[in-house]
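Hi,

Here is the structure I promised to pass on.

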Amino acid sequence: MTVAVPAIKELERLHQQARRWQELSPRERIPYLQRMKHLARHHAQRWVELACQIKGIDRDWVGEEWTTGPLGLILKLDHYIYALRHNGVPPVPRWQTTPTGQRVAHILPRNWQERLLWFGVSAQVWLQPDQPATQGSAYRNPPPPGVAVVLGAGNITSLCLADALYQLLAANRVALLKMNPLLDPLTDCFRQVCAPLIEAGFLEIVTGDGTVGEQLCHHPLTQHIHITGSHHTYNRLVWGGAIPDSQQPRLTTPVTAELGNVTPLMIVPGDWSAAELDYQARQVASALVHNASFNCIAAQIVVTSREWPQRLAFLSALKQHLQAIPPRPAYYPGAIARYESFLAEYPQATVLSPKQPGTIPWTLIEGLDPTANPRIFQEEVFCGLLAEVQLPSRNARDFLAMAVPFVNEQLWGTLGCTVIIDPRTEAQEADAFNQAIAQLRYGSIAINAWVSLGNGLGCTPWGAFPGHRPADIGSGMGVVHNSFLFDYPEKAVIRAPFRLPVTPPWFYGHRRLPELAQAVMDIYTSGNPLSWFMVCYFALGSVH
């Protein structure tokens, strides 16, 4: 079977424009992105409406689609414009060197506006210790002109556009985006948002089934492939099967991939107030229920200390939050069958919400130890099921010494993890905590925030910890969203205050999230001073 003729023609048309794209200077590319920012804002309402129809979302969850859809794209566009204004080598606000000599770039906040917008959130990028701290190599030494085929994700709506932009702006290639069939209703809207790049011949967006995507990947004009999705999809594409079973891959075109994770949330024991317990329980619940748990970085394993005096109180608060959240439509294919198969293997699981047709109830497995049935440690659940693992640690230092090797060695994947620690405990165990962050082998680490924030900031590299191979792909190879264009990023470390005075935008139940997202978009697209007032108004209106 051959690829549909329109897809072939679009691939050929892009190939003809690949050299012209590379001939544009970084500053000549800025107007395309500026126009896209305004078009994303202009079409945002329609974008969100279509996303809600696809996912069966009601008004209680619509804020998710504003923040992860058009706002997510606008933030990334703004960071890329910053990089292009500095000719592909954006200045780093501050550099640091760790005691072991590893270079760390402090990249957020860049300015006073981001200090206000992000309420104390900061971000670092740790660079690979055996590589130079260089940026923008695709501009200094461009690859041969060519086309990257991007196989788009089917859950967070801005991801496929962001992946295509990364090929254009960081890898210096033109891009053909093949939509995930689940998001096909958004195709026309996305073409309108991306019209500046499409009309110039630098980007194409096509639809079709898996056969179309596979044959585009095998086309001789395809120079590079990027996948966001499942490692099973990667193995079928590259090796021809779910498990690599030959020495020679079926596909020899270079592939970068972001392929998911069994996501841990490490709860460092401390002496927390009742408000702090409730806040962090809500944070963990939010990391499970966001997007109906159809996230590659959804909470899956909560790691606690068996000897923590507040463990049962924390779990009680977590269950209360989950019981109060209605189950969500299981819009992702195969989700219900996958949930039921896990439930059969872990009969001790507690179902916390009513079973309703077409939904998956929030479910918690408590009290596992590291020697339990390993399936939950080695396979993405990708639905509303959360497990708690308790370690036999005596105190915070002991916990960190046990938790780091547990998540590094027993959980599948290296995409991202969350560490929750109160400032008092962190101050008392500063050396052990800093050592733990240095030793964690994850592409993104979030301290006191759900690690998906690393994806949402729009500037930190997003991808697996370096070291995976095509025959053992794990969470993937390569990164996206790396707007500072670091050539050799190792991991991003994002930090938030232990308890923010307002409801964080990644928490469920944020009462004014759609309005807040639109006000932030207006800041980035119009610069209207009134937008700052609206941001403050809607943020303060969400105080928990």
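**What I found**

I447 sits opposite R495 in β21. That pair belongs to the pairing of strand β17 (residues 444-447) with β21, which is parallel and runs over four bridges. (Strands here are DSSP E runs of at least two residues, helices are H or I runs of at least four, both numbered from the N terminus; two strands pair if DSSP finds at least two bridges between them.)

Before going further, some ground rules: this is a predicted model, where local features need pLDDT of at least 70 and side-chain atom pairs count only at pLDDT 80 or more, while totals for chains, interfaces and linings use all residues. Residues are numbered from 1 along each chain as its sequence is written, and side-chain values use heavy atoms, leaving out hydrogens and water.

Back to β21. Strand β3 (residues 122-127) is joined to β21 by six bridges, and these two run antiparallel; Q124 stands opposite V493 there. Strand β21 (residues 489-495) is mostly covered, with six of its seven residues buried. (Buried is under 20% relative accessible area, exposed is over 50%, and partly exposed is in between, using a 1.4 Å probe and protein chains only.)

There's also an open sheet of six strands, in the order β6-β5-β4-β7-β8-β19, with mixed pairing. β6 (203-206) and β19 (476-477) are at the edges with a single partner strand each, so one side of each has no neighbour in the sheet. β19 is joined to strand β8 (residues 255-258) by two bridges, antiparallel, and E258 stands opposite G476.

- H79 is in helix α5 (residues 70-85). H79 is buried, at 3% relative accessible area. Leaving aside residues up to four places away in sequence, H79 touches L108, R110, E114, L457, G458, C459 and S483 (contact means heavy atoms within 4.5 Å).
- Q53 lies in helix α3 (residues 44-55) and counts as exposed, at 57% relative accessibility. Q53 and N172 are 119 residues apart in sequence and 35 Å apart in space, C-alpha to C-alpha.
- Y537 lies in helix α22 (residues 529-540). With a relative accessible area of 46%, Y537 is partly exposed.
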